[in-house]
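Keep the viewer open as you read.

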Amino acid sequence: MSRQIIIGGNWKHSMTEADTVEFCEEMKPLIEQKPTSVKLIIAAPDLCIHILERYFGKDDRIEISVQHFDIGVSPTTGARTGATTLNQIEKSESNIQWVIIGHSEVREYSHIDNRYINQQLLELQESKSGIRPILCIGEDFDIREQGTEVLKDYLKKQLTEGLADISAEFMKKIVIAYEPIWAIGKKTDGSAKESATSDQAQESCNIIRSIIIELYNQELADGITIQYGGSMKAKNAEELLSQTDIDGGLIGGASKEAQSLIDITKAAS
Ligand code: PGA
């Protein structure tokens with residue numbers, strides 16, 4: 001079955017509004033080069049979304065994502081300083097079509113767990129807004145060192161708890177990003193981490209697909225897009241993306257430059 005290939009840029013907290021203008025100016029002529037078979041999403045900081053919208057909101061070659069929303073907050077639940085709600089995202093004047101759910105950095109720094117992530121997914125399922133989640137899962141180095149069985153159990157727990165009461169119908173809208181924490185971002189000395197090898201990434205994405213078969217069914221699992229994330233860049237993208245169970249990438253550092261992001265979309269086609 002042919003699956004949708006999806007490349008997502010995850011800008012995290014690193015881009016300012018001025019950086020976003022610069023990126024968009026660079027991207028304007030380059031977007032022509034994006035293969036039509038590859039969907040491109042950019043998850044921008046909330047403050048930068050309006051700029052992406054201004055440049056690409058009416059252009060379906062780049063779809064806009066937020067990086068998180070807070071659960072259990074509605075216009076009637078009282079004040080919550082600092083929160084961004086699904087209601088606000090839905091009603092945004094920007095055409096926000098995606099949200100990253102459960103990125104490991106949000107799990108760690110905002111202390112959210114699988115239960116919280118499940119509540120986010122249930123809010124999205126309930127809202128019928130059409131906003132699609134990119135659900136991030138992945139292990140830290142301790143788990144990886146304990147071998148494949150422990151890894152499998154860990155990924156299964158993240159998926160089973162995160163996807164509790166998620167219908168097969170809504171599951172078809174979810175993209176899963178496999179992001180081993182040990183491969184994401186930079187080392188403490190500021191140098192880039194190594195990505196997982198293509199074999200390691202393939203093995204984990206295959207495990208994820210088999211868990212989806214157990215939780216749902218073969219057909220659904222065959223159709224779902226599973227991205228790999230963790231130090232993917234133009235140089236290693238082709239090899240990672242040529243693996244049978246890897247249908248895209250979620251890219252942090254290498255997504256901040258328009259040329260590098262476009263090169264990754266080319267490697268994906
Ligand atoms: P990285 O980040 O590409 O900078 O490792 C990936 C991610 O966190 O989504």
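**Starting from Ile264**

Neighbours within four places in sequence aside, Ile264 is in contact with Ile7, Met232, Ala234, Ala237, Gly249, Ile251 and Ala254; contact here means C-beta atoms, placed from the backbone, within 7 Å. A quick word on what you're looking at: this is a predicted model, where local features need pLDDT of at least 70, side-chain atom pairs count only at pLDDT 80 or more, and totals for chains, interfaces and linings use all residues. Numbering starts from 1 along each chain as its sequence is written.

Ile264 is also among the residues with the most contacts inside the largest nonpolar core, alongside Ala44, Ile134, Ile176 and Tyr178. That core has 70 residues, a core being a set of buried Ala, Val, Leu, Ile, Met, Phe, Trp, Tyr and Cys residues joined through C-beta atoms within 7 Å. Buried means that 20 or more other C-beta atoms lie within 10 Å of the residue's own, with exposed at 12 or fewer and partly exposed in between.

8 strands close into a barrel, in the order β1-β2-β3-β4-β5-β6-β7-β8, with parallel pairing. The twist averages 25° from one strand to the next. Strands (E, at least two residues) and helices (H or I, at least four) are DSSP runs numbered from the N terminus, and two strands pair if DSSP finds at least two bridges between them.

Helix α12 (residues 258-268) packs on this sheet, touching β1 (5-10), β2 (38-43) and β8 (248-251), and its direction makes about 160° with that of β1. Such angles run from 0 to 180 degrees between N-to-C directions, with axes fitted to C-alpha atoms, for helices over the stretch in contact. In α12, Leu261, Ile262, Ile264, Thr265, Ala267 and Ala268 are buried. These buried residues pack against β1, α1 (17-30), β2, α11 (234-241) and β8.

Have a look at β7 next. Strand β6 (residues 175-178) joins β7 (residues 226-229) through 3 bridges, running parallel, and Tyr178 has Tyr228 as its bridge partner. On the other pairing, β7 and β8 are parallel over 2 bridges, with Gly229 opposite Leu250. Ile226 and Tyr228 point one way from β7, Gln227 and Gly229 the other way, and all are buried.

Note on methods. Contact = placed C-beta atoms within 7 Å.
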